[in-house]
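Try each task before you read its solution.

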Amino acid sequence: MKFIKNLNEKVKKIFDGDYRGIAILFILQFILFISIKPIRYDDAFYIQSITGVPVISFVCARYQSWTSRVLIEATLGIIFRSSKFIWTFGTIFFMTLIGYSMSKLFVKKDNKKELIMMILWLVILYPVERMSSAGWAATTVNYIWPLSLALFSLISIRKAYDKEKIKILPGLMYAVATIYACNQEQMCAVLVVTYLLFTIILTVRDKRKVSPFMYLQTFLAIASFIFIVTTPGNAIRQHEEVVNYFPEFTDMTSIEKVILGITTTMGEMLSKYCITFTIFTLVLLIYIWDNYKDRLIRGISAVPFTIAIVLGFASPITEKLSVTISWIRENFVKETNLINPSSYTYLGSYVELLISVIVIMCIFISLFLIFKRLKNNIAFYVFGCGLVTRLVLGFSPTVFVSTNRTCVFLEFACLICTLLIWQEFIKKAEKKSKTRVYNVVVWTSIVQYIVSLAFIYISHINV
């Protein structure tokens, strides 16, 4: 009875206290994922491949012939050998862990409840139906789970930066989370740079007082990177994907691949109805317009949101009004629109690149104007890391095939930047302005959540 009483008190504290938003997030994610059946696309492949085969044999074969994601592959093998509910409750947990980790990393003590409620709305703003593109289980375990564990592992940096002691059990949990998150190539690149950078900064600042877990996680990230680049299956996979998906890839120069990464990334953000990027740029725009009267500054902040609306959500109207807009949008989404020697002298080939670079520059300038510094500008770093995770897809022959699921790290970077800007709103903005921004985020998130629910329901009819 005493145990039950204590448990009830803890649950009540969660729902009534600072983490009420996280508890609600768990419930909403439960409603989303509980009815999903991971049986299509790559999920069907894993079901077939793992049937009657030991998980270790399956993973070893994939390591030799296809991928370095041995931990992710082992997880999928266990899921499909055991029960889909391992995936269901695992994904519910990890989606909730994203919100919890964001609160630990980016929320300060002031206005804690208000900020955590904003995290709730931002997490459900992400359109989870994107995670069905290659099979629900295969996609979430490859992207959502590493993202969640990467954010969780970074809590150690937050603690070390704030000079908090990292205890042994949490430290080991952060280390394990680092190992799994680094099994995903895009996330590994971010964690290697982040741990190296902050370990150096903290070592210079604190000398011998830096937690040994910082060095451990840095070592694990670097070791994971070495493991990825030396895996035999990755080279085999790249060759097959070039033949099957992108034969022109082998003839492209490094500069052309960089350009491809930029244009395809911003094409996803600007012309393919990316709600997370659109809300981020809208909140950025509102803050600048509330705090700056200069027309040039306001114009700079308006560029990303305006282009996202014109080429994206308003495109059914704008394409009818302007042939130029229709042409630009078509080139952004067209897979054959590559810059190569035959198009070097055609200025029209560079329109999408020019728009992409302008939008990126306007975002960085606006973030500088909001936080008024380059040093310790965490929004700069977060958006930059998110951007790089998608830009590197220009060096992959699956840049077109993988579609918007590979944008998940950039999209959550946009959501985190939105949270950081919201903290600035709380500090300075008038109540009317704060309410306007909060309502925009809340109602957009509610609509997006309903859309996700409807997608799941419709896609599971007769399944």
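**Exercise 1.** Decide whether T265 is buried or exposed, and find which residues T265 touches beyond four places away in sequence.

*Solution.* Start with accessibility: T265 has 0% relative accessibility, so T265 counts as buried (buried is under 20% relative accessible area, exposed over 50%, partly exposed in between, with a 1.4 Å probe and protein chains only). Finally, leaving out residues up to four places away in sequence, T265 touches L387, R390, L391 and L410; contact means heavy atoms within 4.5 Å.

A note on the source: this is a predicted model, where local features need pLDDT of at least 70, side-chain atom pairs count only at pLDDT 80 or more, and totals for chains, interfaces and linings use all residues. Residues are numbered from 1 along each chain as its sequence is written, and side-chain values use heavy atoms, leaving out hydrogens and water.

**Exercise 2.** Find which residues of helix α3 are buried and where they sit around the axis.

*Solution.* First, list the buried residues of α3 (residues 42-50): D43, Y46 and I50. They cover an arc of only 60° around the axis, so they lie on the same side of α3; the arc is that of the directions from the helix axis to the C-beta atoms. Then look at what covers them: α4 (55-65), α5 (70-81) and α8 (136-153) are included.

Methods:
Helix = DSSP H or I, 4+ residues; strand = E, 2+ residues; numbered from the N terminus.
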